[in-house]
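This report covers selected side-chain packing and secondary-structure contacts. The sequence and structure come first.

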Amino acid sequence: MAAIANPSTMHASTSGGSSLHQAVDHISTEVSSGFHVLQHRDRFQEKALRDVTLNSNDSAMMLDPNNPVLVREEMESQKEYFRRLKFTYLEQEAKRHFLSSIMLEEPPTVEQGENEERERINAEKKAVLKETKSTIEEMRSMTVKLAEENAQKHIAMSEKLAEAQALQKQIRDMELELARIKATHPPENRMTTAQANDTLDAQIVEMERLTDAISSTQSQTDTAREEVARVAKEVQRLSRDREREEARAKEVREGREAGDTKVDEICRWYSSSMAFYRSLLGIKSVKAVSDSELHMEYDVPIGPVTLALTFDEMSKRFADARLIGSDMDISESVGIAAGSNDVPGLVADVLVRLRPA
């Protein structure tokens with residue numbers, strides 16, 4: 001079917017596609033620039049390395065300074081370091097007092113109020129340290145939370161970017177396809193809306209016709225399949241009869257070759273008997289016009305009359321009969337014979353009525 005042109009729609013789709021291309025390019029630029037985390041990495045590494053108190057081989061921050069989760073581990077290392085430093089100080093202080101007592105030297109005296117001043121300073125430093133620890137913990141929690149949020153935003157942005165890029169590719173393919181259609185179908189060869197609707201209606205009518213034809217063909221196929229199955233059964237039955245008759249014919253042929261003429265005599269007697277009974281009953285001819293209909297022609301005083309007998313194809317029972325060459329009503333006799341499947345009785349009744357005494 002030829003394409004249907006709409007210039008205003010094409011212009012709108014082209015302008016919309018350009019704006020969409022610009023939006024996708026802008027999103028790609030924003031995603032490629034990142035979330036401004038890298039520009040603070042050097043400052044974080046410098047401060048983290050400056051606060052490392054252990055050997056570089058034992059410090060987790062030295063091994064991975066970009067991981068903010070390791071701040072807690074570094075803090076625990078610093079606390080362990082200060083505990084060891086305190087133990088070392090106490091050990092050295094005990095050694096100094098021991099040497100002073102052995103050498104009878106007067107240890108340096110502590111002035112009055114110096115310990116209280118040191119305790120006050122230590123208390124202030126402990127308060128500052130505690131506040132700093134709380135601040136660091138809050139910063140760590142906030143950093144982890146922001147990192148998770150940034151990861152989720154990055155995943156969502158990546159999915160949207162992939163979707164936008166896929167849409168952009170589809171739009172470009174559609175633009176190329178539209179350009180190809182324009183080149184293949186010039187404006188003078190395009191169909192109008194009315195022509196397209198008429199063609200569509202004609203196609204719908206044709207589809208309905210084909211659907212009806214398919215349904216009819218299907219029903220005919222089912223009927224033919226049933227008929228083929230029935231004929232196959234009949235062929236199988238006739239094949240058995242044929243084998244039986246061939247066996248009999250072979251037996252007769254062998255007997256004839258051996259000099260036995262009994263079968264020939266029986267056949268001649270049967271043929272003469274049939275001819276005698278035909279002449280006695282006035283039967284001129286018997287003919288099977290189909291698989292289910294038999295015509296028997298009789299010689300009666302009013303002229304030749306044919307009795308047409310119809311049998312059921314499935315059950316092979318007598319179904320109906322009619323007279324050809326006579327207007328005599330035999331419907332009552334046919335009904336009685338059909339009910340009892342009595343064909344000889346029907347023939348006798350019809351012959352009696354056709355041959356009045």
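## Aromatic pairs

Y81 is partly exposed, because its relative accessibility is 34% and the class runs between buried, under 20% relative accessible area, and exposed, over 50% (1.4 Å probe, protein chains only). This is a predicted model, in which local features need pLDDT of at least 70 and side-chain atom pairs count only at pLDDT 80 or more, while totals for chains, interfaces and linings use all residues. Residues are numbered from 1 along each chain as its sequence is written, and side-chain values use heavy atoms, with hydrogens and water left out.

The structure contains two aromatic pairs. Rings of Phe, Tyr and Trp (its six-membered ring) pair if their centres lie within 6.5 Å; planes under 30 degrees apart count as stacked, over 60 as edge-to-face and the rest as tilted. Y81 and F82 make an edge-to-face pair, at 5.7 Å centre to centre with 70 degrees between the planes. The F311 and F318 rings are also edge-to-face, because their planes lie at 75 degrees, with centres 6.2 Å apart. F311 is partly exposed at a relative accessible area of 24%, whereas F318 is buried at 4% relative accessibility.

Helices (H or I, at least four residues) and strands (E, at least two) are DSSP runs, numbered from the N terminus. Strands pair if DSSP finds at least two bridges between them; β3 and β4 do so in the antiparallel sense over six bridges. T310 stands opposite D320 in β4. The two strands, β3 and β4, form a hairpin with six residues between them, and K316 in the turn has a positive phi of about 65 degrees.

## Nonpolar core

A nonpolar core is a set of buried Ala, Val, Leu, Ile, Met, Phe, Trp, Tyr and Cys residues joined through side-chain atoms within 4.5 Å. The largest one has 19 residues, of which Y298, L307, L309, F318, A321 and L346 touch the most other members. Two or more residues each come from β2 (293-300), β3 (303-311), β4 (318-324), α8 (331-340) and α9 (343-354). The largest contribution, six residues, is from α9.

Contact means heavy atoms within 4.5 Å. Beyond its neighbours within four places in sequence, F318 contacts L309, T310, F311, V334, A337, A338, N341, V343 and L346.

## Helices α4 and α5

The axes of α4 (residues 71-102) and α5 (residues 114-184) come within 10 Å and cross at roughly 160 degrees. Therefore α4 is roughly antiparallel to α5, a class for angles over 145 degrees. V71, R72, M75 and K79 of α4 meet K133, I136, E137 and R140 of α5 in this contact.

Notes:
Axes are lines fitted to C-alpha atoms, for helices over the stretch in contact, and angles run from 0 to 180 degrees between N-to-C directions. Angles under 35 degrees count as roughly parallel, over 145 as roughly antiparallel, 65 to 115 as roughly perpendicular and the rest as oblique.
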